[in-house]
Amino acid sequence: MSATAKYWRIALGVAVIAALIIAPMNFNRYGLYILSQWAVMTIAAMGLNLTLGYAGQVSLAQGAFVGIGAYAAAIMTTQGMPLIAALGVAVVMCFAIGWILGYPALRVQHHYLAFVTLAFSTLAFLVFRNEDWLTKGIYGISNIPRPNVLGFATNRPLPFYYFCLGSLGIVSLAMWWLIRSPWGRAFVALRENPVRALSLGIDTRRYTLMAFAIGSALGGVAGTLYAPLTQYIDPVPFNLSLSLDLLMMVIVGGSGFFFGPFLGAMIAVLLPEWLRFTEGYYLMLYAVAVMLLLIYSPTGILGILDRYLSERRTKAASALRAVAKSRLETAP
Amino acid sequence: MSNLLDLLVAGLATGAIYALVAVGFTLLWQTSQTINFAQGEFVMLPAFLMLAVMHAGAPFWLAVILGILLSLLLLGLGFKLLLVDPMLRHGVLPLAIATMALAIGMKEAVKQFFSAEASPFPSIVPAGDVSILGRVVSLQSLGVLALAIAVVIGLTLLLNRTSIGHQMQATAQNPTVARIIGVPVERMILLTFLINAFLVALASLLITPIYLAKFSSGEVLGQAAFIAAIVGGFNQVRGAIAGGLLIGVVDNLAAAYVSTQYRAAVPLALLIIIILFRPQGLLGRPEERTV
């Protein structure tokens, strides 16, 4: 990457962050709700991107982990405990369950793992719905308080949006560090060629479980933000279709790309709002758009960009080569 | 004891329908590595096609024939040409995700263009009961069971006894070698998609009178078929049949003997146990790990 391209990237990043902070200041309540939802879903999708995009394991249970996080937050904060305690419980629980759920991944091929996680997702939904003593069943848990962060109350939509955005920022930085750490490289090695990774001395068992567990824990983080965002939860949002939606977000944005989940969540959360004028047709249009996109570019939107950039780079390189060649030929 | 017998018959009847759906599912996987997450919606749609034809004033038998033909066209040919063919070379996962999107699209289309409410659907088996060995058994269960078994036997004969069946199996086992020895691989793959479309249309015809025609009815059915396919063996037609019957019976027994709340959990627990201890399925043969 040339120096100017690097500056452009940094400038673009700063502009986007500034826009995310400044633009929503005069949004209405609903607009802020949608943007907060985008931030929350991005965190969940980032977790799945680690599991799927970097470590290559298909999970259909991310929605269930969001549910576990949301219920942990709802149950604990309505009992008067702070949200940070709920966050700890959610992360530990999701990490542990993800670790255990990852075991089948060691034994079987990827599509079987998809079905194990699908089964888990449905089981989790049944527990949310049936264990009335804990989750209040189909009546749901209402009046979930929003937290005080560093002494600031986040009851109003705008502060809560900043809370979500800040959490997204922290998670993004952690993820950025993780995928550049030796662990992240091991995850990619695992996806690209598990046998080679093993022969290079990577403990593939441990890293497979680790990728799965960390990804699941991020689902839990998203859940602990989701509960105070909606302030009311019942089992319905955490059924299988949330897991499928999250999987589609990752694939549509571009799995294995750092910014894939940001883009995928944006499309999944915002596109239906933009298509609202089509009334009942918007989900249909969304489905058709996803299919067309995947037919055109199976690596998602960032896949298109990546292809375009690498083509340009190849062209630039061959132009340089042509110049060099003609110089060589004209040289005496 | 007598109650158990009723449960078994009812379980086998639903299980036979699951088996039809699961067989189609495994056929698609074997010949073209397609994991069809829209398989449940594929069962939901033909009933609505038939209802639409009936709304246009056609008699039931004509609606059934046209419905099956439309299914072959849309869910067989259309699905293969428009979605599977362009995506297959990109691997298993993008196609699987695309079928999830297809499932959403189909559900929404039915909800939007037809109805969000459940519609009644006429049964091809006359209502009523017969008594066998002093037991009263519903004619519908028996009819469903008989028809499903007939189809499964027909399919097994097609696959094992005819030249076309052998060519299809060759295509499933090793497309490259099959092509070398002169099997028209492309035509065989198309044939499996058409067979799948026929099976789901038939399953739709059999199950919709029991559970009513509803846009969301594919979700439960699709999941049951996945579980049946995996429990029985992802790569074996007879595995899918056995898995379907087993899941049907287990489902019905669970409804009677386990709490209704956790009834749905029993087949899932079975699935997890099978995957952990016998991942190739009860009747499947182990697949080599692709590296």
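Predicted model: local features only at pLDDT ≥ 70, side-chain atom pairs only at ≥ 80, totals over all residues.
Colleague: What scores does the predictor give the complex?

Modeller: An ipTM of 0.84 and a pTM of 0.86.

Colleague: What makes up the fold of chain B?

Modeller: Its secondary structure comes to 11 helices and 2 strands. In sequence order the pattern is α-α-α-α-β-β-α-α-α-α-α-α-α. Buried residues are 50% of the 291 in this chain. Of the contacts with a separation of 6 or more, 72% join residues 24 or more positions apart.

Colleague: Which parts of chain B does UniProt list as "transmembrane region"?

Modeller: The unreviewed entry lists residues 7–29, 49–75, 87–106, 139–159, 189–212, 224–250 and 262–281 of chain B. Such annotations may be inferred rather than shown by experiment.

Colleague: How much helix does the model show over residues 189–212 of chain B?

Modeller: That span is 96% helix and 0% strand. Its end C-alpha atoms are 32 Å apart. For residues 262–281 of chain B, the figures are 65% helix and 0% strand. The end C-alpha atoms there lie 24 Å apart.

Colleague: What makes up the contact between the chains?

Modeller: Chain A gives 31 residues and chain B gives 33. A pair counts when the C-beta atoms lie within 7 Å. On the side of chain A, the elements that give two or more residues are α4 (83–107), α5 (110–130), α9 (194–199), α11 (240–253) and α13 (282–296). Helix α5(A) gives the most, with 9 residues. By type, the side of chain A divides into 25 nonpolar, 5 polar and 1 charged.

Colleague: How do α3(A) and α11(A) pack?

Modeller: At an angle of about 115°, with their axes 6 Å apart. From α3(A) come A:Q62, A:G63, A:A64 and A:V66. From α11(A) come A:L240, A:L242, A:S243 and A:L246.

Colleague: Why is A:K136 called partly exposed?

Modeller: Buried needs 20 or more other C-beta atoms within 10 Å, and exposed needs 12 or fewer. A:K136 has 19, so it falls in between and is partly exposed.

Colleague: Why is A:N143 called exposed?

Modeller: A:N143 has 9 other C-beta atoms within 10 Å. The cut-off is 12 or fewer, so A:N143 is exposed.

Colleague: What is the phi of A:K136, and what is the phi of A:N143?

Modeller: Phi is near 60° for A:K136, a positive value in a residue other than glycine. For A:N143, phi is near 55°, again positive in a non-glycine residue. Most residues other than glycine have a negative phi. A:K136 sits in the loop between α6 (132–135) and β1 (148–149) of chain A. A:N143 is also in the loop between α6 and β1 of chain A.

Note on methods: Residues numbered from 1 in each chain as written. Chains lettered and ligands numbered in written order. Helix = DSSP H or I, 4+ residues; strand = E, 2+ residues; numbered from the N terminus. Contact = placed C-beta atoms within 7 Å. Nonpolar A, V, L, I, M, F, W, Y, C, P; charged D, E, K, R; others polar. Axes fitted to C-alpha atoms, helices over the stretch in contact; angles between N-to-C directions.
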